[in-house]
Amino acid sequence: MIQKVLIANRGEIALRIVRACREMGIKTLAVYSEADVQSLHVQLADEAICIGGNKSADSYLRADRIISAAEIADVDAIHPGYGFLSENAKFAEQCESCNIKFIGPKSKSIKMMGDKSVAKDTVKKAGVPTVPGSDGPVESESEAVKIARKIGYPVIIKAVAGGGGRGMRIAHNDVSFAKEYHVARGEAEKAFGNGAVYIEKYIEKPRHIEFQILADSHGKTLHLGERDCSVQRRHQKLIEESPSPFLNSDLRKKMGKAAIRAAEAAEYENAGTIEFLVDAKGNYYFIEMNTRIQVEHPVTEEVTGIDLVKQQIMIANGEKLAFDQGDIKFGERHAIECRINAEDPARNFSPSPGTIGLYYAPGGLGVRVDSHAYSGYTIPPYYDSMIGKLICFGPTRKVALERAYRALSEYLIRGIKTTIPLHKAIMADPVFIEGKATTAYMEDFLGRTATDLFS
Ligand code: ADP
C-alpha cells in the first residue's frame with residue numbers, strides 16, 4: 001500500500017495532490033527548484049527537498065534527482081502531475097525499475113500514445129474514427145505535398161511529438177504548404193527534439209470535446225463524461241466545461257464508448273483523456289490521448305462527485321474501481337473552469353510575473369478555487385503562467401455561468417495582470433452564453449471586443 005508519495009511537480013497541481021494524499025492519510029514529499037522555495041506546495045507537504053536551480057531543465061525535469069530524492073526519503077510512489085515528466089515513458093520506466101510506483105499508466109501505454117501518429121493508428125484499428133490524414137509521419141516535402149492534395153486543403157501539419165498547442169501549422173494551398181511544412185518541422189525539432197510531422201485534414205470550426213477515462217488494473221475501463229474545451233487561444237485551452245452544450249445523450253454514449261475502446265487499445269491503466277474534434281454535423285474524430293491527469297480535471301470532479309486524484313492513487317495501489325458505468329450520472333450538474341493566467345490580455349497576453357500584493361479568492365455556493373497563489377507570493381518567471389483555476393458549478397449551465405461571473409468579480413489579485421477581466425467579458429458574451437463556441441471562438445471574440453475592457 002502507498003504510504004508516502006513524492007510529488008514531481010509544482011504549483012496548483014502539486015497542492016491538489018497534497019490535498020488528496022492528506023485526506024487518504026498518505027504522507028507527501030515535495031520536490032522544488034530554488035525559485036519555488038516560497039511555494040505553497042513546499043510549505044504544505046509533510047517534507048520537502050530542493051532538487052536544483054530555477055530552470056525546469058535543472059529541477060523538475062531532472063529524473064535522476066527526483067528518483068534520488070524518492071530513495072533518500074523512502075517514498076513508495078511518485079505522482080507526476082501534468083507537464084514536466086508526466087508523459088515521459090522513460091521516467092515511468094525508471095520508476096518501475098526502482099520499485100517506486102508511478103502514479104499513472106504503464107510506460108508502454110505512455111510510449112504508444114505519446115507518438116501522436118502511432119496513437120492514431122492504434123485507435124483506428126480499434127474502430128475509433130480519426131481525422132483523415134497521412135499514414136504516419138511524412139518523409140519528404142514532395143511526398144507531403146502529394147498527401148496534402150489528396151486529403152484536400154486546408155490541412156494541418158502536426159508534430160508527431162507535439163503537445164501544449166505547439167508545432168502545428170495550417171496550410172491552405174501548395175504554396176503555403178511548402179512554407180509551413182518547413183516551419184512546422186523546425187518548430188518541432190526545437191520544441192521536442194524530434195522534427196517528424198504528419199498531416200491531417202484541417203477541420204473548420206470544430207469543437208474540442210474530450211472524455212475522461214478511469215481504468216483499473218483489473219480490466220475495468222469507464223468514462224466519466226466529457227469536457228468541452230473549445231475556448232482556446234493558439235490551441236491552448238482557456239475555459240473548459242461539462243457537460244458540453246453541444247452533445248446530446250446519444251452522441252455522448254457513442255463518443256464515450258469510442259473513448260473506452262481507444263483507452264483499451266492502449267492497454268490503459270489509471271486516469272487519462274481521449275480528445276476528439278467534433279464538426280458541426282456531429283462527426284467526431286480522435287486527435288490524441290493525454291496519459292495523465294489534466295489541468296481541467298476538476299470540472300469532471302464537480303459534475304460526477306468523483307475525486308480523480310484519489311482514484312489515481314487507488315488504481316496505482318492495485319485497487320478495483322468501486323463503481324460501474326451505470327453509476328455515473330450526467331445531466332444533474334454543470335461545471336465550468338476558467339484558467340487564471342499571469343498574463344495581460346489587454347497587451348496580447350504578454351506574461352506578467354511579479355509579486356502579488358493582495359490576493360483574495362472568491363467563495364460561496366458552487367465555487368472552487370485551485371491555486372497556489374497567496375498575498376505576497378512572487379510568481380517566478382521560469383514556468384507556466386497559470387496561477388489558478390476557478391471552477392464554478394450548479395444545477396444548470398445558466399447557474400454555473402452566473403456563478404462564474406459573480407466569482408470572477410470577487411476574485412482580487414493585485415500587483416500583476418491576469419486573465420480575470422477577459423473571463424468576465426466571455427461570461428457576459430451572448431455567443432458564449434448561447435453555447436455556440438467552437439475552437440474559432442476566441443479569435444472572433446478578440447476581434448470584436450475592445451481590449452481596454454480587459455485591463
Ligand atoms: P496538443 O497536443 O499540442 O494540445 P492537439 O492535437 O491536442 O495538440 O490539438 C490542440 C488543438 O489544435 C485542438 O483542440 C484544436 O483546436 C486544434 N487542432 C488540432 N488538430 C486539428 C485539426 N485536424 N483540425 C482543426 N483543428 C485542429
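The model is a predicted one, so local features are taken only at pLDDT of at least 70 and side-chain atom pairs only at pLDDT 80 or more, while totals for chains, interfaces and linings use all residues. Numbering runs from 1 along each chain as its sequence is written, and side-chain values rest on heavy atoms, with hydrogens and water left out.

The chain is assigned domain 1 (4–103), domain 2 (132–201) and domain 3 (207–454), the bounds coming from an automatic or database domain assignment. Between the C-alpha centres of domain 1 and domain 3 the distance is 24 Å. Their contact (heavy atoms within 4.5 Å) draws 33 residues from domain 1 and 31 residues from domain 3. Together domain 1 and domain 3 bury about 2,500 Å², 59% of it on carbon and sulfur atoms; buried area here is the accessible area (1.4 Å probe) that two parts lose on being put together, summed over both. Of the area that domain 1 buries against domain 3, 24% is down to Glu12, Arg16 and Glu87, more than any other three residues supply.

The rule finds 5 salt bridges between domain 1 and domain 3, a salt bridge being a side-chain nitrogen of Lys or Arg within 4 Å of a carboxyl oxygen of Asp or Glu. Glu12 pairs with Lys389 in a salt bridge, with 2.9 Å between the closest N and O atoms. Residue pairs in polar contact between domain 1 and domain 3 number 14, with both residues at pLDDT 80 or more. A polar contact is a pair of N or O atoms within 3.5 Å; within protein, one must be able to donate a hydrogen and the other to accept it, and residues adjacent in sequence count only if both atoms are side-chain atoms.

On the side of domain 1 that touches domain 3, helix H1 (11–24) and helix H2 (40–44) each put in at least two residues. Helices (H or I, at least four residues) and strands (E, at least two) are DSSP runs, numbered from the N terminus. H1 gives the largest share of that side, 11 residues. By type, the side splits into 13 nonpolar, 12 polar and 8 charged residues; Ala, Val, Leu, Ile, Met, Phe, Trp, Tyr, Cys and Pro count as nonpolar, Asp, Glu, Lys and Arg as charged, and the others, Gly among them, as polar.

Across the whole structure there are 41 salt bridges. One of them joins Lys310 to Glu23, the closest N and O atoms being 2.8 Å apart. Lys310 sits in helix H11 (residues 308–316) and Glu23 in helix H1, so this pair ties together parts 287 residues apart in sequence. Glu23 is exposed at 58% relative accessible area, where buried means under 20%, exposed over 50% and partly exposed in between (1.4 Å probe, protein chains only). Arg16 turns up again in a network of salt bridges with Glu301, Glu302, Asp307, Arg333, Arg368 and Asp370.

Glu210 of strand E9 and Arg227 of strand E10 (residues 221–233) are 17 residues apart in sequence, and they form a salt bridge with the closest N and O atoms 2.8 Å apart. Glu210 is buried at 0% relative accessibility, and Arg227 is likewise buried at 0%. Gln212 is buried too, with a relative accessible area of 1%. A polar atom of the Gln212 side chain lies 3.2 Å from the backbone oxygen of Gly272. Beyond its neighbours within four places in sequence, Gln212 has contacts that include Arg227, Ala271, Gly272 and Thr273.

As for the backbone, most residues other than glycine have a negative phi, and most peptide bonds are trans. A cis peptide bond links Tyr153 to Pro154, with omega about -5°, and Pro154 falls in the loop between helix H7 (141–151) and strand E6 (155–163). Ser242 and Pro243 are also joined by a cis peptide bond, omega again about -5°. Asn99, not a glycine, has a positive phi of about 65° and is exposed at 71% relative accessibility. Asn270 has a positive phi near 90°; it belongs to strand E12 (residues 270–278) and is buried at 1% relative accessibility.
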